[in-house]
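These are my notebook entries on one structure, kept in the order in which I looked things up.

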Amino acid sequence: MSGGLYGHRNIEDERLKEWINTWYAEDYINFFRNNYGVGMKAEFEDSLSKQVEIVKQVSSSITVAEGRYLFDDVMKYMSPAMFYCYFRYDSSTAYCGNYYEVLIEFADESTKKKLIKGYDYVQTGGITLEKNGEVIGHIGQMSDLFWHTFYDKYIVEDDYGAIEHARNNEKDITLHIWNDKLFENTGQFYKFIEQILFECNVYLDLGFKRSRFESASKLKGQATKTQLCLSGSDLEETPLRYFNFANYTKIPRHKYLAYYQVLEFFFTRAVKEARLPKPNELLIIKYITNNSITASEVISWLEEITDRGRHYTEPSEIYPALIPLNVRENVQSVATRIYTVRCSLIHSKEAPKDVNFIPNLNDEIIEKELALIKYVAEKVLYKWSNAPE
């Protein structure tokens, strides 16, 4: 068994056939409809259905020559869109039969130097994964399957047909798993990946983390030239550093908590000014927020982007920490939402499902909350800097 570039050769032929046989042509048609427009003619939809049937027939009937692999032969009949449609288990995991491949990244430079040799020319080492005496996976160079599954994430075609690279695929690494008997569902799969990363750190002193493709990498650059007119405000250094740390760290929970620390820096000052008889953190947050922004300012901010407004004002059916904003008269609900999200981030004791925000698992919902806490932190920093203590 091998990992790296040829890791997909660990796909079992019978499992590959079974999996391809589960493909629904309607999923392929809907993929085209959703990604390339809704106005497809019936003849084109029929041709898409036939493409799927051809791959099914080939996978069931083809005779594989000695020394070759069924996947390599069947792959010749697949279109790039089939990889995008059927092979994406999630936004950064490839899947095929008994085979899974997850995009990961180095958590530190030390780990990178242990696995990557060279600078311009890259030579990648690897980690063989064993469980109960059986080789079940590999960490290292991505496979051809992963490259085809996420080809559109790496390649950009300009207006003149020229191809450019949005990211360097030679420096990306993946985690391959080809024994799916070790988990029964999606939840167990993600937990298994987390345990592998944990034990890589504990037993090998190698740090990795789940990664994902960032949509911004596919945006065309603008070479912006602009002008900054600095304000006359003298902002305090410590909360300023918290704010800037939030801006450049990539981890959503770190971003949120750093913006929150801008507010937290002024707690003592706010308690003295408010003269609260029995101060608690929520009351202090409400006082600071009330004295930093107005309801009309928040309403205007919410109206700037309709989607953002709905995210913050409609109740969440899943996450109890996402208190809907109601700012017609005051900004109390802004403070309450910020406080409950903060509690969901820092509390780690056992709690009902979706009460605590878990690293990696809830990153996307935390990212949606960043705009609000950043907006409030900015207002607080300007309002409370150098106020009497």
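**Entry 1: a surface residue**

I looked up Tyr203 and found it exposed, with a relative accessible area of 63%, where exposed means over 50%, buried under 20% and partly exposed in between, with a 1.4 Å probe and protein chains only. The model is predicted, so I kept to the rule that local features need pLDDT of at least 70 and side-chain atom pairs pLDDT 80 or more, while totals for chains, interfaces and linings use all residues. Residues are numbered from 1 along each chain as its sequence is written, and side-chain values use heavy atoms, with hydrogens and water left out.

Tyr203 is found in helix α9; helices (H or I, at least four residues) and strands (E, at least two) are DSSP runs numbered from the N terminus. Together with Phe198, Val202 and Leu204, Tyr203 forms a nonpolar patch on the surface, with about 460 Å² of accessible area together. Patches are made of residues with over 30% relative accessible area and no salt bridge, with like charges joined within 9 Å and nonpolar side chains (Val, Leu, Ile, Met, Phe, Trp, Tyr) within 5 Å. The areas come from the Shrake-Rupley method with a 1.4 Å probe, and for residues only the protein chains shown count as cover.

**Entry 2: helix α12 and what covers it**

Which residues of helix α12 are buried? In this helix, residues 267-274, I noted Phe267, Arg269 and Ala270 as the buried ones. Seen down the axis of α12, these buried residues fall within an arc of 160°, so they line one face of the helix; the arc is that of the directions from the helix axis to the C-beta atoms. On the other side of α12 I found Thr268 and Lys272 exposed. The cover over the buried residues of α12 includes α11 (252-265), α13 and α17. Just after α12, Arg275 takes a positive phi of about 55°.

**Entry 3: Thr289 in α13**

I then turned to Thr289, which lies in helix α13 (residues 281-290). Thr289 is buried, with a relative accessible area of 0%. Leaving aside residues up to four places away in sequence, Thr289 touches Val331, Val334, Ala335 and Val376, contact being heavy atoms within 4.5 Å. I also checked Asn330, which is 41 residues from Thr289 along the chain, and noted a C-alpha separation of 9.9 Å.

**Entry 4: salt bridges**

How many salt bridges does the structure hold? I noted 18 of them, each being a side-chain nitrogen of Lys or Arg within 4 Å of a carboxyl oxygen of Asp or Glu.

One of them joins Asp180 and Arg15, with the closest N and O atoms 2.5 Å apart. This pair links distant parts of the chain, since Asp180 is in the loop between β10 (173-177) and α9 (186-204) and Arg15 in helix α1 (residues 13-21), 165 residues apart. Asp180 is buried at a relative accessible area of 14%, whereas Arg15 is partly exposed at 24%.

Glu367 forms a salt bridge with Arg212, the closest N and O atoms being 2.6 Å apart. Glu367 lies in helix α17 (residues 363-384) and Arg212 in the loop between β11 (208-210) and α10 (237-248), so the pair ties together parts that are 155 residues apart in sequence. Glu367 is partly exposed at 37%, and Arg212 is partly exposed at 29%. Salt bridges that share partners also join Glu26, Arg33 and Glu45 into one network.

Within that network, Glu45 and Arg33 form a salt bridge whose closest N and O atoms are 2.8 Å apart. Glu45 lies in helix α3 (residues 42-61) and Arg33 in helix α2 (residues 25-36), so this bridge ties together parts that are 12 residues apart in sequence. I noted Glu45 as partly exposed at 22% relative accessibility, and Arg33 as partly exposed at 22%.

**Entry 5: aromatic pairs**

The structure holds 36 aromatic pairs. Among them, Trp19 and Trp23 are edge-to-face, at 5.4 Å centre to centre and 90° between the planes. Rings of Phe, Tyr and Trp (its six-membered ring) pair if their centres lie within 6.5 Å, and planes under 30 degrees apart count as stacked, over 60 as edge-to-face and the rest as tilted. Trp19 is buried at 8% relative accessibility, and Trp23 is buried at 3%. The rings of Phe31 and Phe32 have centres 6.1 Å apart and planes at 85°, so this pair is edge-to-face. Phe31 and Phe32 are both buried.
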